[in-house]
Amino acid sequence: MSPFSNREPAERSARGIVVAGLRKRYGATLALDGMSFTVRPGVVTGFVGPNGAGKSTTMRVILGLDAVDEGTALIDGMPYRSLRSPLDHVGSLLDAAALHPGRSGRNHLLWLAHAQGLPARRVDQVLKLVGLASVARRKAGGYSLGMRQRLGIAAALLGDPPIVMLDEPFNGMDPDGIVWMRGFLRSLAAQGRAVLVSSHLMSEVQDTADHLVVVGRGKAIADAGVAHLIAAASAGRVALRTTAGTHAMRVLAHAGASVMATGRGTITVSGLPADRIVTLLSQSGVPFSEVSAHRATLEDVYLELTHEAVEFRAATPAKVSR
Amino acid sequence: MRAAVHVEWTKIRTVASPLWLLLGTIAATVTLSAGATSVVICTSAGCDGHMTKLSLVGVQLGQAPLAILAVLVISGEYSSGMIRTTLAAMPHRATALAAKAVTLTGLAAAAGTVAVLGSLLAAWLILPGHGFTAPSLADGATLRAVVGSILYLVLIALLSLGVATIVRDSATSIGVVLGLLYLFPILAQTIGDPHWQRLLQQIGPMNAGLTIQATTDLSSLPISPWAGLGVTAGWAAAALLGGGLLLHSRDA
Amino acid sequence: MTGFPQLLHAEWTKFRTVTGWVTGTAMATLLVVLFAALAGISSDQKGSPPVPIGPGGEPVTDSFYFVHRPLTGIGSITVSVSALKSGIPTDLAELRSGVVPWAKAGLIIKASTRQGSPYAAIMVTGGHGVRMQDNYVNDTAGPTTGASPRWLRLDRSGDAVTGYASADARHWTKVGTAHVDGLGPTVRGGLFVASPPSVDGMGTRGSVSTAAFADLHTRGGWADRHWAGDQVGAESPSFAGYPRNASGSFMASDGGFTVTGAGDIAPAVRDTLPTGGTRGDILTGTFAALIAVIVVAVLFISTEYRENLIHVTLAASRRRSGVLVAKAIVLGVVTFVAGLAGTLVAVPLGERLAHANGVYIFPVTSSAELRVALGTAALLATASILALSVGALFRHGAGAVTAVIVALVLPYILVAIPFLPASVSDWLMRVTPAAAFALQQTLVRYDQVASNYTPYNGYYPLEPWAGLAVLAGYAVVSLAAAALLLRRRDA
């Protein structure tokens with residue numbers, strides 16, 4: 001088992017979303033290759049991975065829109081398509097642009113409300129909640145992408161569902177909007193809802209998510225709490241600050257450590273405990289100013305995890321010019 | 001199901017185009033019918049019997065805007081991606097499609113009734129001035145033609161919905177629908193062999209269905225009026241069934 | 001800065017890289033061919049009598065009542081026609097007397113009684129006075145004074161036959177001299193009566209005519225035998241036969257004859273040869289191809305609006321109207337090539353299958369053949385440009401497709417409505433884009449044959465290229481309007 005996974009066995013009756021062993025093939029491409037993870041109540045789960053890793057496909061499968069060749073996706077223990085009033089279980093935002101441009105934002109929510117027998121009052125409530133009350137009667141075709149995202153979130157909240165699932169909700173939002181969105185997602189979790197938020201940028205979710213599902217090439221390559229992930233990525237590493245980088249690296253490598261220059265005058269060392277490093281450097285007369293336990297950022301974790309899994313990696317400039 | 005119909009009805013009444021297309025259906029039907037009845041000539045006796053059919057000829061044009069409306073009801077959602085929102089809200093896909101069909105049936109019946117009665121009214125105003133007897137609703141065959149024409153329009157709307165559910169793209173769907181409607185009569189017109197001609201007139205959704213408008217010479221028709229309308233219903237049912245199965249099995 | 005060639009290249013690349021559009025265009029080609037095959041195999045005329053062909057290669061009606069004797073070498077024949085009465089059957093199968101304008105009674109010299117053989121004749125007609133006609137297609141008017149009886153005379157010398165008419169048997173007016181190739185030394189000459197079908201509404205009714213002849217005189221090499229009466233061409237695809245309770249006959253009575261006949265001696269038209277096929281019939285697939293072409297053309301522009309690709313397209317070019325023109329050219333050329341390919345395969349295939357089934361196809365001159373092929377391709381190409389422009393105007397795919405299909409295809413269905421006067425059918429085929437179907441007309445209109453020369457029967461009111469000009473006019477106006485709007489409107 002990978003050090004990045006602390007997944008518990010899926011409970012069929014569990015509240016939240018339980019995705020188990022999803023496999024789906026589109027012609028020659030394997031879109032989902034054993035995707036498994038869980039989304040628990042009261043927690044914001046970040047769903048991150050490079051473009052094309054299978055995030056949107058997984059969300060469509062959870063919503064019963066796409067069929068899979070293998071595996072199950074359960075909402076509160078039931079497949080989505082067997083839910084009697086699905087909007088009361090899951091609120092979702094897949095594509096904010098999926099609107100009829102000639103219909104007002106309010107009317108878009110109104111037909112969705114009718115689907116669940118919700119009163120028009122509820123429509124006005126969610127519109128106020130997302131801050132769209134003033135433009136609700138304007139045609140949705142004239143909305144900015146940020147406004148459409150807010151409308152999509154309003155739609156997701158119509159049924160006051162215990163589970164909220166949002167695909168790339170930060171797309172097209174201005175900085176104010178992003179700050180609002182983060183607070184909003186946290187408040188949803190604080191109300192005890194299970195929140196799944198996808199993004200292809202770690203920076204968008206790192207201050208919001210408590211739990212991360214990192215995906216690459218159609219499967220979850222990590223499914224763990226944010227603190228756990230950072231700890232696992234930091235484990236056994238020592239950050240060293242020195243003006244004689246080359247000398248220090250030679251000495252430490254000779255002693256069996258793996259060494260990596262990580263910046264101007266900083267070196268990350270693994271394979272040797274900190275006290276042994278201090279001794280070695282002192283004996284060899286290498287000057288250093290700081291030795292500390294390395295603390296990884298989420299960005300580091302993400303890059304390390306997805307390094308192998310990026311499907312559409314840009315060619316390096318050196319390769320292009322040749 | 002009631003909630004689903006309510007959804008579809010809300011969707012249709014909250015955008016402007018369906019209303020215009022329904023008005024277009026009425027305008028096109030009445031205009032062509034009135035135009036045809038005002039230019040008609042008759043060189044020999046016995047034309048009066050064909051006046052019902054002629055008074056309702058506008059249905060051949062009026063079905064086009066109605067078909068657009070029916071196509072857009074589903075393909076419009078595919079082009080914007082809203083179909084996913086719809087199906088996430090109503091995961092039972094057969095219900096979602098049935099709700100669209102029910103809503104369309106109501107709209108087509110309402111617009112069809114106005115269009116057909118409008119055409120009849122035009123005939124009442126125009127035909128006597130040209131020395132013809134205008135069709136009367138007291139006549140059983142005429143009543144059948146009138147009711148049948150409304151049903152025909154409903155069936156064309158359902159056929160279009162089914163085709164659009166299969167094809168998904170609106171421009172292609174309407175091309176397929178109008179091809180099905182208009183190509184059979186043209187082919188029957190140009191094919192010389194009487195056997196094939198009859199067969200084409202029996203199986204075409206438009207020419208078979210519009211035999212419901214015939215009031216005279218019923219024995220010489222390629223297919224009897226109600227059976228003809230049955231053929232159109234068969235096309236509509238097949239298209240809806242095909243569309244429903246694909247909607248059920250396909251990824252949205 | 002991008003020039004127009006780059007714009008063309010860009011649009012061509014856009015077109016060929018969308019599988020659906022290439023498939024749709026290929027389908028247009030295929031539909032033309034498939035429908036031709038269907039038209040070819042669907043009709044079975046095997047075993048029916050052959051269509052009589054005149055000396056000029058055209059199909060003819062050569063069915064009439066003939067009272068004849070052989071004539072060898074030089075000779076002359078004179079007769080007076082005192083009455084020509086016609087009867088047309090009513091719905092109750094009774095004969096009602098009426099005027100059949102091209103009912104014919106007179107003298108004829110014909111190579112043989114074989115249908116389609118060369119002849120020259122002079123005759124009194126029901127409504128067009130005295131006429132001299134030869135070899136089916138040639139018609140010369142004689143004196144039109146309504147005097148009765150009229151004397152008629154034919155002089156034959158070798159291949160030259162001269163016709164005269166007179167009101168009193170003393171003063172003769174020469175109507176014309178026909179040089180009839182292939183008469184041969186011995187010919188058949190004598191009296192004839194023909195009575196073509198009478199035009200009624202959108203159809204025709206068979207008719208029968210009876211003429212009273214007197215003062216029959218012959219000079220020269222006439223064989224010394226009794227006059228023989230025969231129905232020429234009794235069994236013929238271009239002869240519908242006698243009305244019920246009527247038949248051809250002749251009766252001699254003191255120097256005179258009463259002759260009753262039906263049929264005609266004239267070129268065949270659609271009404272008289274209903275089993276004949278035309279190039280237009282073989283190319284019925286044009287309608288199906290049109291629908292495919294229109295859908296592709298509309299998608300070629302409306303997809304750009306839907307996906308907001310139009311911003312990219314317009315940003316990449318200096319002049320917005322240039323984009324539209326480039327699209328029109330690419331689409332027009334592609335469709336033309338697809339249409340031409342379809343036509344070039346479809347026509348020979350359809351004809352071959354039709355011939356194998358014993359179906360007669362109305363002949364065409366090679367220039368008309370070329371016009372039909374190029375014209376059908378041009379029709380499809382112009383329609384695609386119209387659809388593109390309407391697509392740009394409407395910015396709404398389904399609406400644009402419907403508008404163009406209805407404008408091009410529906411008129412063709414409407415002309416088949418019963419009791420619609422020919423003037424209305426003609427009007428529809430003059431002012432709507434469907435006028436362009438005149439390009440597929442291969443049938444010839446004859447003044448001396450009364451018939452329903454309607455679009456329904458394959459006779460269009462406009463000349464072929466004038467018909468295309470109507471469609472092109474719609475296309476150009478819409479394209480200009482679309483270009484103007486594209487420049488004015490926010491993309």
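Author: The C-alpha centres of domain 1 of chain A and domain 2 of chain A lie 46 Å apart. Those two domains run over 16-223 and 237-293, with bounds that come from an automatic or database domain assignment. This is a predicted model, in which local features need pLDDT of at least 70 and side-chain atom pairs count only at pLDDT 80 or more, while totals for chains, interfaces and linings use all residues. Residues are numbered from 1 along each chain as its sequence is written, and chains are lettered from A and ligands numbered from 1 in the order in which they are written.

An unreviewed UniProt entry lists residues 17-242 of chain A as "domain: ABC transporter"; UniProt positions are given here in the numbering of this model, feature names are shortened, and annotations may be inferred rather than shown by experiment. In the model that span is 31% helix and 30% strand, and its end C-alpha atoms lie 48 Å apart. Helices (H or I, at least four residues) and strands (E, at least two) are DSSP runs numbered from the N terminus. Chain A as a whole has eleven helices and 14 strands, and its C-alpha atoms fill a box of roughly 75 × 45 × 40 Å along the principal axes. Of its 322 residues, 43% count as buried. A residue is buried if 20 or more other C-beta atoms lie within 10 Å of its own, exposed if 12 or fewer, and partly exposed in between, with C-beta atoms placed from the backbone.

A:Arg217 sits in the loop between β9 (211-216) and β10 (219-225), and has a positive phi of about 50° although it is not a glycine. Most residues other than glycine have a negative phi. A:Arg217 counts as partly exposed because 19 C-beta neighbours lie inside 10 Å.

Next comes chain B. The contact between chains A and B takes 23 residues from chain B and 27 residues from chain A, where two residues are in contact if their C-beta atoms, placed from the backbone, lie within 7 Å. On the chain B side, α1 (2-13), α4 (59-80) and α5 (82-89) each give two or more residues. By class, that side has twelve nonpolar, eight polar and three charged residues; Ala, Val, Leu, Ile, Met, Phe, Trp, Tyr, Cys and Pro count as nonpolar, Asp, Glu, Lys and Arg as charged, and the others, Gly among them, as polar.

Chain B also meets chain C: 37 residues of chain B are in contact with 39 residues of chain C. The largest share of the chain B side, 14 residues, comes from α8(B), and its residues divide into 23 nonpolar, 13 polar and one charged. The unreviewed UniProt entry lists residues 20-41 and 226-247 of chain B among its "transmembrane region" spans. Residues 20-41 are 91% helix, with end C-alpha atoms 34 Å apart, whereas residues 226-247 are 100% helix, with ends 31 Å apart.

That brings us to chain C, and to the stretch I picked for you. Chain C has ten helices and 17 strands, and 55% of its 491 residues count as buried. The close-up is helix α8 of chain C, residues 397-414. C:Arg395 has a positive phi of about 55° although it is not a glycine, and is partly exposed, with 19 other C-beta atoms within 10 Å.

How long should the 18 residues of α8(C) be? The expected span is 1.5 Å times one less than the number of residues, so α8(C) should span 26 Å, and its end C-alpha atoms are 25 Å apart, which agrees. There is still a kink of about 35° in α8(C), centred on C:Val406; the bend at a residue is the angle between axes fitted to the seven residues ending there and the seven starting there. This helix is mostly covered, with 17 of its 18 residues buried.

Finally, zoom in on C:Pro411, found in helix α8 of chain C. C:Pro411 counts as buried because it has 20 C-beta neighbours inside 10 Å. Leaving aside neighbours within four places in sequence, C:Pro411 is in contact with C:Leu428, C:Met429, C:Thr432 and C:Ala434. The C-alpha atoms of C:Pro411 and C:Pro455 are separated by 10.0 Å, although the two residues are 44 residues apart along the chain.
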